[in-house]
Amino acid sequence: MGLLACLTLLTAFFVTGWRTVQRTAKGHRRLLLVACLSAVAGNVAGNLVSFDVSVTATATWLLMAVVVALGKPVQSATGKNGEAATGRGLPPWAAAGTVVVLAALICVGVVQANVRPLLADIAAQDSDQRAATGDLLGAIQTGERAVALWPKEPVHRQTLSWAYLQQALSGPGDPLPWLLQAEAELDAARSLQPGDYRTWIALGELYGTWGTRWDPSRLPLAHNAYRQAAALAPNHAMVYTAWGLLEMTEGRPAQAAASFRRAVDLDATD
């Protein structure tokens, strides 16, 4: 039913638009109609192999509205009996101001919906690259930028938390502030998306490292995190691999062997 409704709407739109083009004299108005029809057709073709995002969907509906509006008869400056129309349009300054305000709102919407997430992704990728080269402080700085640009993305917080943990392991001084910041980022990621097993694996790794290196009271939290990850993603071998590594570190080879067997059963290629 949804496909039928969509096809009916698109068919009515393109038929109406083409008829409008045919009865419109050559000029800017006709060029605008053809451009709008072509843009909507291009978006429809693109959707056969992809999907709409907020900006393209909004632009498509606005272009469809422009075509329908251009299909309406042009209002005459005189009334039915040849009398001058009494209505007055907006003064030029008001019309220009309205256009400027609308353009500013559209720009703000585009930046919020597209530019900020893109810049956040770039910063997160830069953070991964810096961490891989050993520049942990640089990785933290770019990771914090990614979170500041798009705080609703859990993956960026996971990336930043990992950088904090590596700094705690390798940096001089007290590791506790770095560990607490790593925990805070993962707590925020868990609040944003409680069902993401990757956050729980990261928590297991954080608490496992924290517990084996500095504070054994954190070890039960690590096991609880891995248990939650296994409940959310029971068919992911990496959950049991990470869990088994923690059990090996704790000196419990029998439990570790069971976890590793479970991982091999799920993915015998690893």
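Biologist: Which residues of the largest nonpolar core touch the most other members?

Modeller: In soluble globular proteins, nonpolar side chains tend to be buried together. A nonpolar core here is a set of buried Ala, Val, Leu, Ile, Met, Phe, Trp, Tyr and Cys residues joined through side-chain atoms within 4.5 Å, where buried means under 20% relative accessible area with a 1.4 Å probe, protein chains only. In this predicted model, the largest such core has 35 residues, and L179, I201, L203, L206, Y226 and V239 touch the most other members. Two or more residues each come from α5 (136-149), α6 (154-170), α7, α8, α9 (219-232) and α10 (237-249); helices are DSSP runs of H or I, at least four residues, numbered from the N terminus. The largest share, eight residues, belongs to α8.

Biologist: How do α7 and α8 pack?

Modeller: Two packed helices are described by the angle between their axes and the distance between the axes. For α7 (residues 176-192) and α8 (residues 197-213), the angle is about 160 degrees and the axes are 10 Å apart; axes are lines fitted to C-alpha atoms over the stretch in contact, and angles run from 0 to 180 degrees between N-to-C directions. The two helices are therefore roughly antiparallel, a term for angles over 145 degrees. Residues in contact (heavy atoms within 4.5 Å) include L179 and L186 in α7, and L203 and L206 in α8.

Biologist: What conventions apply?

Modeller: Residues are numbered from 1 along each chain as its sequence is written. Local features need pLDDT of at least 70, side-chain atom pairs count only at pLDDT 80 or more, and totals for chains, interfaces and linings use all residues, while side-chain values use heavy atoms, without hydrogens and water.

Note on methods:
Angles under 35 degrees count as roughly parallel, over 145 as roughly antiparallel, 65 to 115 as roughly perpendicular and the rest as oblique. Buried means under 20% relative accessible area, exposed over 50%, partly exposed in between (1.4 Å probe, protein chains only).
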